[in-house]
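Have the structure open and follow along as we go from cavity to cavity.

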Amino acid sequence: MKSLTINHLSKTYFDPYAAKHVTAVQDVSLDVPEGEFVAIVGPSGCGKTTILNMIAGFLPASGGDIIVDSRKVSGPGPDRGVVFQSHALFPWKTVLENVAFGPKMRGVGLKEREEIARDYLALAGLSHAAERYPNELSGGMQQRVGVVRALANEPAVLLMDEPFASVDAQTRMTLQEELTRIWQARRPTILFITHDVPEAVFLANRVVVLSKGRVLEEVEIDLPRPRSWDAMMDDERFKTLSARVLQLVRAA
Amino acid sequence: MSEAVAVNPALRLWSGYLRLVARHPVIGSVVPFLPLIALWAIVVEAGVFPRAFFPGPVDVFHSFVDLTRKGILPAYLADSIVRLAVGAAAGMVAGILLGLLVGLNERAHRALWPVLLFFQAIGDIAWLPLLIIWFGFGLETMTFVIVYTVLFPVVLNTVLGVRSIPLDLHRAAQSLGAPRWRILTEVVLPGALPNIITGLRNGLGYGWRALIAAEMIVGTSGVGFMMFDARRAGSVVEILLGMIILGLLWYAVDALILAPIERATGQRWGMVAR
């Protein structure tokens with residue numbers, strides 16, 4: 001089962017300057033079934049990135065369980081692909097080598113892993129950029145490659161940490177539409193972190209509103225797919241759902 | 001509309017020169033020296049100083065041909081270059097390994113960083129009195145000086161490079177399934193490479209100067225020895241020849257080794273300014 005379950009997850013750390021314990025995440029439980037797209041929204045400091053970092057294994061949890069693919073996990077692993085806000089592409093590798101990196105670590109041979117990488121690049125319309133270095137790409141292209149690199153390693157769960165926060169508004173809308181298209185085509189299990197409410201509503205099947213380290217509410221997003229911004233702009237249901245989530249976030 | 005403006009002949013000449021240099025970069029590195037050499041020749045020909053005291057470019061060139069024909073210059077030059085290459089290679093390998101350790105391991109960093117800064121400040125030449133007592137006038141002393149000189153810039157820059165790799169790149173590699181030793185070869189080494197090359201560039205530059213100084217004091221061969229020996233004989237022309245060779249050799253090292261490596265790595269990857 002390519003699903004993600006977290007039970008009673010918490011994170012407490014000691015702040016040596018304030019000389020006290022700070023609770024960043026408190027008793028968060030969440031279920032992302034196989035093939036589901038779940039978004040976590042909340043204001044900055046609500047603990048959403050901390051949750052993602054614990055799931056990814058970058059930070060140890062203070063309490064609770066993280067279960068991926070029916071197995072309890074701790075520490076980073078290829079079963080949880082991560083897409084970073086900073087794109088985190090290796091500057092010294094070409095786009096093709098970046099995307100082929102996961103398969104390379106699995107021991108896949110050169111020819112086969114380049115084939116895998118080319119397939120995934122084609123999926124995102126990036127075939128023409130295969131031989132270029134990341135610094136030669138626009139911000140939007142870099143993020144696309146970041147998503148493709150994570151997907152090409154075929155993780156059980158894809159963790160996305162505000163991946164589109166640092167690209168311009170027009171590019172962001174294109175990237176969001178592409179992501180929904182890729183999600184529909186491949187149906188990866190995705191946990192998406194963002195502070196952007198319309199983004200969360202546009203992308204996800206379910207939006208989890210987080211406040212002060214706790215789950216405030218979960219909102220089902222029953223919008224039809226495929227979703228496009230042209231259609232959503234005038235969609236009453238989209239407006240109602242966005243307004244509802246926005247209210248929750250602002251109250252948070 | 002635009003062709004109505006007549007182009008100034010000087011501008012036309014300048015534009016022709018730029019196009020020529022673009023096609024043959026060597027010309028661009030030679031031409032700036034021509035006024036310098038001309039000025040030198042003029043001062044010499046004006047007879048302001050006695051010729052033996054201040055020889056001209058032609059005299060230096062004759063000396064170059066003469067010493068090359070006798071085989072002295074090639075032999076000394078080879079001695080100096082081999083010493084530099086061997087010392088630099090040893091200093092570089094030790095420097096990169098130590099730099100990786102200090103850069104990656106917090107405890108090693110705490111323990112060694114202040115010590116490294118301390119010894120870096122003690123200039124290579126400052127070791128000479130002690131080294132002469134320990135090893136005498138010879139190869140050991142010179143090798144120590146070069147290794148020491150190359151080591152510190154490489155260590156310090158490697159540490160800087162390792163520690164400047166964004167945390168997200170480590171995390172990305174881990175999430176893509178890279179085990180620790182693969183992160184070393186796939187992330188840490190290439191990520192630190194532009195800085196390592198900067199360290200090498202500094203190290204070689206300092207090392208080259210340190211070697212010449214060491215050869216002057218403890219050498220029995222080499223370009224530095226040749227220059228100091230020429231002083232004893234009062235041969236200004238050989239001293240000038242030695243100085244020019246030092247400059248030319250560094251120019252060659254830069255153009256043939258360092259610059260191409262930099263173009264193919266950090267500059268290509270957009271990690272350092274062009």
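Let's begin with the lining of the second largest cavity, which by class has five nonpolar, two polar and one charged residues. Keep in mind that this is a predicted model. In total, the structure holds two cavities of 30 Å³ or more, and both are described below.

**The second largest cavity**

- Its volume is about 40 Å³.
- From chain A, the lining takes Gly81(A), Val82(A), Phe84(A), Arg149(A) and Ala150(A).
- At least two lining residues each come from β6 (80-83) and α5 of chain A, and from α9 (167-175) of chain B.

**The largest cavity**

- The space in the largest cavity comes to about 80 Å³.
- You will find Ala124(A), Gln143(A), Arg144(A), Val147(A), Val148(A), Phe164(A), Leu175(A), Glu178(A), Leu179(A) and Ile182(A) along its lining.
- Seven of the lining residues are nonpolar, one is polar and two are charged.

**Where the largest cavity sits**

- Which domains of chain A give residues to the lining of the largest cavity? Domain 1 (4-79 + 156-251) and domain 2 (89-154) both do, so the cavity lies between them.

Methods. Residues numbered from 1 in each chain as written. Chains lettered and ligands numbered in written order. Predicted model: local features only at pLDDT ≥ 70, side-chain atom pairs only at ≥ 80, totals over all residues. Heavy atoms only, no water. 1 Å grid on protein atoms, 1.4 Å probe; cavity = no way out; pocket = protein on both sides within 12 Å on 5 of 7 lines; lining within 4 Å. Points joined across faces, edges and corners; volume = space filled by probe spheres on them. Nonpolar A, V, L, I, M, F, W, Y, C, P; charged D, E, K, R; others polar. Domains from an automatic or database assignment. Helix = DSSP H or I, 4+ residues; strand = E, 2+ residues; numbered from the N terminus.
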